[in-house]
Amino acid sequence: DDLVFVTNGSQGDGSAYGDQTHAPEIQIENGQGPSVELWKKLAAQDDAFGHPDVFFRDIKETSWESWTVDTANKEILEAIEKICHRDPLSGKVVTGGIVTAKDSSWLISWTINRQGQFQDQPDDHCLIWVYGLNCWDDCGDYVQKPMFMCSGRELCAEWLYHIGIPADHIDELADKECNTTPCMMPYVTS
């Protein structure tokens, strides 16, 4: 008479992290992953469990990448405030939702929640969550390669470009004034 509750598939299954100098590397292939495998085993026992292969057949169709930018740089914070008309360090809502860079070839969007996000976060630091949908084939507008091949620094540079940072400042700011952690999620839209 026991009941078992199962998450049959996970949007975060097979996620891979990179860092400031390394792109995330997905370690699974289409249709693989721990929660995917569990769902396949259940579905093989009874049609009532559905058809997991429909959701996990092509990583290029179901993935996108997100990255978190940590910065205290005044030039970047001022560029954010110019767009949002709110102080990013005020402790209040900053973006009021998702901000989309409508001209981005990667289809990037970003948001800033109330700061600080973490108990140990320095008062002068802002955490920005950015994500892009066109991971595989399209080169960035500033970074001339596909998103999935980019390190945290390169992903940050693309975002800085889209928030209006002057081109001659972008590389130094992305390298020295930001710490960017990317995460590639192969099944996030499945």
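Mentor: A search of the whole structure finds 4 salt bridges, a salt bridge being a side-chain nitrogen of Lys or Arg within 4 Å of a carboxyl oxygen of Asp or Glu. This is a predicted model, in which local features need pLDDT of at least 70, side-chain atom pairs count only at pLDDT 80 or more, and totals for chains, interfaces and linings use all residues. Residues are numbered from 1 along each chain as its sequence is written, and side-chain values use heavy atoms, with hydrogens and water left out.

Trainee: Which residue forms a salt bridge with Asp 175?

Mentor: Arg 153 does, with the closest N and O atoms 2.9 Å apart. The pair links distant parts of the chain, since Asp 175 is in helix H5 (residues 167–177) and Arg 153 in helix H4 (residues 152–162), 22 residues apart; helices are DSSP runs (H or I) of at least four residues, and strands (E) of at least two, numbered from the N terminus.

Trainee: Which residues are linked in a network of salt bridges?

Mentor: Arg 153, Asp 175 and Lys 176 are.

Trainee: Now Val 99: where is its place?

Mentor: Val 99 is in strand E3 (residues 99–100).

Trainee: Does Val 99 count as buried or exposed, and why?

Mentor: Val 99 counts as buried because its relative accessibility is 18%; buried means under 20% relative accessible area, exposed over 50%, and partly exposed in between (1.4 Å probe, protein chains only).

Trainee: What is Val 99 in contact with, leaving aside neighbours within four places in sequence?

Mentor: Val 99 is in contact (heavy atoms within 4.5 Å) with Ile 83, Ile 108, Ser 109 and Trp 110.
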